[in-house]
Amino acid sequence: MTARDPDEVNGVSGAHATSGGHDPDEGGHFGPYGGRFMPEALISAQDELAEEYDKARNDPEFVAELDRLLRDYAGRPSPLTEAERFGAHAGGARVLLKREDLNHTGSHKINNVLGQALLVKRMGKRRVIAETGAGQHGVATATACALLDLDCVVYMGATDTERQALNVARMRLLGAEVRPVNTGSATLKDAINEALRDWVTNVADTHYLLGTAAGSHPFPLMVRNLHKVIGQEAREQVLRSTGELPDAVLACVGGGSNAIGVFHGFVDDPGVRLIGMEAGGHGLESGEHGAALTSGTPGTLHGARSYLLQDEDGQIAEAYSISAGLDYPGVGPEHAWLADSGRAEYRAVTDEEAMEAFKLLSRTEGIIPAIESAHALAGALRLGRELGPEAVLLVNLSGRGDKDMDTAAHYFGLVPEAGITGEDQQ
Amino acid sequence: MSLEDVFRTCAEQRRAALIGYLPAGFPTMPESVELLEAMVRGDGATPGCDIVEVGLPYSDPVMDGPTIQAASGQALRNGFRVRRLFDAVSAVAAAGAAPVVMSYWNPIHRYGPDAFAEDLRAAGGFGLITPDLIPEEAGEWSAASNRHGLDRIFLVAPSSSERRLALTAEAGSGFLYAASVMGVTGARDSVSGSARELVRRTREHTSLPIGVGLGVRNAEHAAEVGEFADGVIVGSAFITRAEREGATGVGAFAGELARGLRAEPASTVDR
């Protein structure tokens, strides 16, 4: 991890240290990160959301309803799979996969959307807006809205609607309206900007169902708590299966929701290394990547102070990754705090390393991972080779690779160009 | 001179202050200086803006509608850099209006709030409007603006609670920016009824002047808002005129708006 110069983090003092249960302070600060850098027009809605969420998470009825949905609808608990043949390539380390790819809709995203959608019902709102990059969060949101009878509008960068055409079709089939965004770089960050504009205009009856542990308070706290179930289950499962805690927990980090969820099962176990793998794209030195923590600087974006990719004028840079889900110039504020405090480590892997891991897991275990998750797998290959056969590594397999088959087929030249269409994949 | 003086002078003339917005560097740096000067000069018959908001073009302007976002994007593509902002501010001051800057927080955080305040003051700037910086997060800016004698102009919105109106009024200085509608910037066909109500509610918490923005499109709107607000803020409509008719059109439009504010009000409303 890059050493941090504390002076780089202008302003808010570290006095807002996370307290019991690792919650941020009242204003949503994790150390100097987080907070609310948002238009005043949205502050009342966020106050209301924070208050309602706080009541809901302490309401046994709400918690029971969410647990029921996670079990009977999403398929929790997700299994833990030992990847022996894959582990042989990771220096012989034991590699345990937390199978979020087996959840309904194919990724960890369902944990968060079910929780927030239940909250929308509780708040008496009936319109939901969301943003999506790879489409996983959009599909999950459209799914939860269909289940709970809520109107759903999903903003998606025009570039992403093209590379994730199948997910656009899924969202539409589920009854959501997908609005392609052509402003800026036409990717995830612009979809978030557009969703924020919609929210400012329609906040009275609309909930912005943010898809990652970023944004302004209470989103980072709420999204993290809704994903904590990943880490809690994994901790029990690893103990049951190996009799000990893992040496390291690895997860991919774009905005950072799956990582923060799995990390929180182990954050109080000082012997367990928490390692977030960022999108190194074409390499950090190329400038074409999505590695906000390993290569960015502190600033404010989409409502929170955190690390981001920006130029010397504070203009937000365009991120790049072969994975649309990691193609984001910022990262959730709690990760920034975990990085500064040294509790978690962040590294970057290139597109090439991620795609090698993608292919290797497919060939050795019969599991095609999301390209996002392949970044975490690439991290495990590297770490296993460093630590050797004694190591126990837990990798959060955040999603499955169906949505990425078009990208993978082109990358590996698996089929003639004309042979790849959405229809053929069905 | 201070923002307070500007509002006092306008009040003595029994009219609201005209506040115009244009991004620096739009469409290019030299042209933006001409447009800003024209905005102050007016049309020859009537002087234009009393206060000019010089926008700092930003890559991710969440509070702005398509018109301002496109103009800011054009400025950035044409090579706008933050340090050039101060040239635009100086030009406005030299033309005789009170310059303030409107900017999202990240570029200022990156520049260094204290250095930004120092350079803004040195260029003749009076204050800063921060669409995504609320008083609770403004500690650094409060310190820097105090040190350099700049005003802090925060926004209030129709959704602001009484508690937040009081808190924002207490933290702000110069004037308060009342976002008249729930939404982003952009000219609209009519002035929202929520603007009048927001101004009324805000006045109960402060004696600061109140400027109303978001949606003012023409002289008629300006006159209507001028009946109940201390300042009328016009942005997107200036950009549209600049795109169509350049500096001449901007000067003419500023004159039209200013005449609208100088006309006898249709009804007498206590300010």
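Helices and strands here are DSSP runs, numbered from the N terminus. With that in hand, Ile129(A) sits in strand S5 of chain A. One caution before I go on: this is a predicted model.

Let me stay with Ile129(A). Buried or exposed? Ile129(A) is buried, because its relative accessible area is 0% and the cut-off for buried is under 20%. Which residues does Ile129(A) contact, leaving aside neighbours within four places in sequence? There are Val153(A) and Tyr155(A), then Ala195(A), Asp198(A) and Trp199(A), then Thr206(A), His207(A), Tyr208(A) and Leu209(A). For a sense of distance, take Ala344(A). Ile129(A) and Ala344(A) are 215 residues apart in sequence, and their C-alpha atoms are 32 Å apart in space.

Now two lysines in chain A. Start with Lys98(A), in strand S4, residues 94-99. Lys98(A) has 0% relative accessibility, so Lys98(A) counts as buried. Again I leave aside neighbours within four places in sequence. The contacts of Lys98(A) then include Arg76(A), Ser78(A), Pro79(A) and Leu80(A). They also include Ile230(A), Glu233(A), Ala234(A) and Gln237(A). Leu394(A), Val395(A), Asn396(A) and Leu397(A) are on the list too.

Next, Lys403(A). Where is Lys403(A)? In a loop of chain A, between strand S14 (392-397) and helix H15 (405-412). Lys403(A) is buried, at 9% relative accessible area. Which side chain makes a polar contact of 2.8 Å with that of Lys403(A)? That of Glu372(A). Beyond the neighbours within four places in sequence, Lys403(A) is also in contact with residues including Ala134(A), Gln136(A), Gln164(A), Asn167(A) and Ala370(A).

One more residue in chain A: Leu118(A), in helix H4, residues 109-123. Leu118(A) is buried, with 10% relative accessible area. Not counting residues up to four places away in sequence, Leu118(A) touches Phe62(A), Glu65(A), Leu66(A), Leu69(A) and Leu148(A). Take Glu65(A) from that list. Leu118(A) and Glu65(A) are 53 residues apart in sequence, yet 8.5 Å apart in space, C-alpha to C-alpha.

On to helices in chain B. A general point comes first. An α-helix has 3.6 residues a turn, so residues three or four places apart point the same way.

Look at helix H1 of chain B, residues 3-12. Its buried residues include Leu3(B), Val6(B), Phe7(B) and Cys10(B). Why are they on the same side of H1(B)? Because they cover an arc of only 95° around the axis. The face turned away from that buried side carries the exposed residues Glu4(B) and Glu12(B). What do the buried residues of H1(B) pack against? Strands of chain B: S1 (17-23), S2 (51-55), S3 (98-102), S5 (151-153) and S9. Just after H1(B), Arg14(B) takes a positive phi of about 55°.

Then helix H8 of chain B, residues 162-171. Here Arg164(B), Leu165(B), Thr168(B) and Ala169(B) are buried. Their arc around the axis is only 130°, so they lie on the same side of H8(B). Arg163(B) and Glu170(B) are exposed, on the other side of H8(B). What covers the buried residues of H8(B)? From chain A, the cover includes helix H1 (40-57). From chain B, it includes strand S6 (155-156), strand S7 (176-179) and helix H9 (193-203).

Last topic: cavities. How many are there of 30 Å³ or more? Nine.

The largest cavity has a volume of about 310 Å³. Its lining holds 26 residues. Nearest its centre lie Lys109(A), Leu188(A), Thr212(A), Gly255(A) and Gly325(A). Strand S5 (127-132), helix H5 (136-148), helix H8 (188-202) and helix H10 (257-263) of chain A each supply at least two lining residues. By class, the lining has eight nonpolar, 15 polar and three charged residues.

The second largest cavity has a volume of about 210 Å³. It is lined by 25 residues, and Tyr21(B), Asp64(B), Ile68(B), Tyr177(B) and Thr185(B) are the closest to its centre. Helix H3 (66-77), strand S9 (231-234) and helix H11 (236-262) of chain B each give at least two residues to the lining of this second largest cavity. How does that lining divide by class? Into 15 nonpolar, eight polar and two charged.

That is the tour.

Definitions and conventions:
Residues numbered from 1 in each chain as written. Chains lettered and ligands numbered in written order. Predicted model: local features only at pLDDT ≥ 70, side-chain atom pairs only at ≥ 80, totals over all residues. Heavy atoms only, no water. Helix = DSSP H or I, 4+ residues; strand = E, 2+ residues; numbered from the N terminus. Buried < 20%, exposed > 50% of the residue type's maximum accessible area, 1.4 Å probe, protein only. Polar contact = N/O pair within 3.5 Å; in protein donor to acceptor, adjacent residues only side chain to side chain. Contact = heavy atoms within 4.5 Å. 1 Å grid on protein atoms, 1.4 Å probe; cavity = no way out; pocket = protein on both sides within 12 Å on 5 of 7 lines; lining within 4 Å. Points joined across faces, edges and corners; volume = space filled by probe spheres on them. Nonpolar A, V, L, I, M, F, W, Y, C, P; charged D, E, K, R; others polar. Arc of directions from axis to C-beta.
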